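Please consider the structure shown below.

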Amino acid sequence: VGLSAATLTFFHFYRHFSGQVAVVEASTNGTNWANIAGNYTTNQGAASNFTQVTANLSAYLNQPTVFIRFKFDSPWGWYWAVDN
């Protein structure tokens, strides 16, 4: 019996700074990546109150391998805390 839906749920606190990139991506080969959540351009959550995010992974159902990455690039910035 195959799955009919899949999601990734996590909590995070993101402090945005101009030029930063914070994105959650998925890949079936580890080379080509697709955005499944993020590209955040504003603050998300707080140190004492992380925000919950649910990303839809249904496009990856029945794939033998799925890679997930939390990608944070910052030339000079703040932070991105991820939990759960």
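In this predicted model, Glu25 is a buried residue, because its relative accessibility of 11% lies under the 20% limit for burial. Glu25 forms a salt bridge with Arg69, and the closest N and O atoms of the two are 2.6 Å apart. The two partners come from distant parts of the chain, with Glu25 in strand β2 and Arg69 in strand β5, 44 residues apart. Arg69, at 28% relative accessibility, counts as partly exposed. Side chains of opposite charge can pair when their charged atoms come close.

The model has 2 salt bridges by the rule applied here. Besides the pair already described, the side chains of Asp73 and Lys71 meet in a salt bridge, with a distance of 3.9 Å from N to O. Asp73 is partly exposed at 37% relative accessibility, and Lys71 is likewise partly exposed at 29%.

β2 runs antiparallel to β5 (residues 67-73), to which 7 bridges join it. Within this pairing, Ser27 has Phe67 of β5 as its bridge partner. β2 also pairs with β3, again in the antiparallel sense, over 4 bridges. Here Glu25 has Asn35 of β3 as its bridge partner.

β2 and β3 form a hairpin with 6 residues between them. In the turn lies Gly30, with a positive phi of about 80°. Gly30 and Thr65 are 35 residues apart in sequence, while their C-alpha atoms are 9.4 Å apart in space. Thr65 is placed in the loop between β4 and β5, and at 36% relative accessibility it counts as partly exposed. Leaving aside residues up to four places away in sequence, Thr65 touches Ser27 and Thr28.

Where does the largest nonpolar core draw its residues from? This core has 14 residues, and those with the most contacts inside it are Leu8, Phe10, Val24, Ile36, Ala37, Tyr40 and Trp80. The elements that give two or more residues to the core are β1 (7-15), β2 (21-27), β3 and β4. In soluble globular proteins, nonpolar side chains tend to be buried together.

In one of them, the rings of Phe13 and Tyr79 have centres 5.3 Å apart and planes at 65°, so the pair is edge-to-face. This pair links distant parts of the chain, Phe13 in strand β1 and Tyr79 in strand β6, 66 residues apart. Phe13 is buried, with a relative accessible area of 13%, whereas Tyr79 is partly exposed at 33%. The rings of Tyr14 and Phe72 also form an edge-to-face pair, because their planes stand at 80° and their centres are 6.5 Å apart. Tyr14 belongs to strand β1 and Phe72 to strand β5, and 58 residues separate them in the chain. Tyr14 is buried, with a relative accessible area of 0%, while Phe72 is partly exposed at 32%. Ring pairs link Phe10, Tyr14, Tyr40, Phe70, Phe72 and Trp80 into a cluster.

The loop between β3 and β4 contains Gln44, which is buried, with a relative accessible area of 18%. The side chain of Gln44 makes a polar contact of 3.1 Å with the side chain of Thr42. Not counting residues up to four places away in sequence, Gln44 touches His12, Phe13, Tyr14 and Thr51.

Asn39 is also found in the loop between β3 (34-38) and β4 (51-56), and it is partly exposed at 48% relative accessibility. Most residues other than glycine have a negative phi. Asn39, although not a glycine, has a positive phi of about 60°. Asn84 likewise has a positive phi of about 60° without being a glycine. Asn84 lies in the segment after β6 (79-83) and is exposed, with a relative accessible area of 68%.

Technical notes. Residues are numbered from 1 along each chain as its sequence is written. This is a predicted model: local features need pLDDT of at least 70, side-chain atom pairs count only at pLDDT 80 or more; totals for chains, interfaces and linings use all residues. Side-chain values use heavy atoms; hydrogens and water are left out. Buried means under 20% relative accessible area, exposed over 50%, partly exposed in between (1.4 Å probe, protein chains only). A nonpolar core is a set of buried Ala, Val, Leu, Ile, Met, Phe, Trp, Tyr and Cys residues joined through side-chain atoms within 4.5 Å. Two strands pair if DSSP finds at least two bridges between them. A salt bridge is a side-chain nitrogen of Lys or Arg within 4 Å of a carboxyl oxygen of Asp or Glu. A polar contact is a pair of N or O atoms within 3.5 Å; within protein, one must be able to donate a hydrogen and the other to accept it, and residues adjacent in sequence count only if both atoms are side-chain atoms. Contact means heavy atoms within 4.5 Å. Rings of Phe, Tyr and Trp (its six-membered ring) pair if their centres lie within 6.5 Å; planes under 30 degrees apart count as stacked, over 60 as edge-to-face and the rest as tilted.
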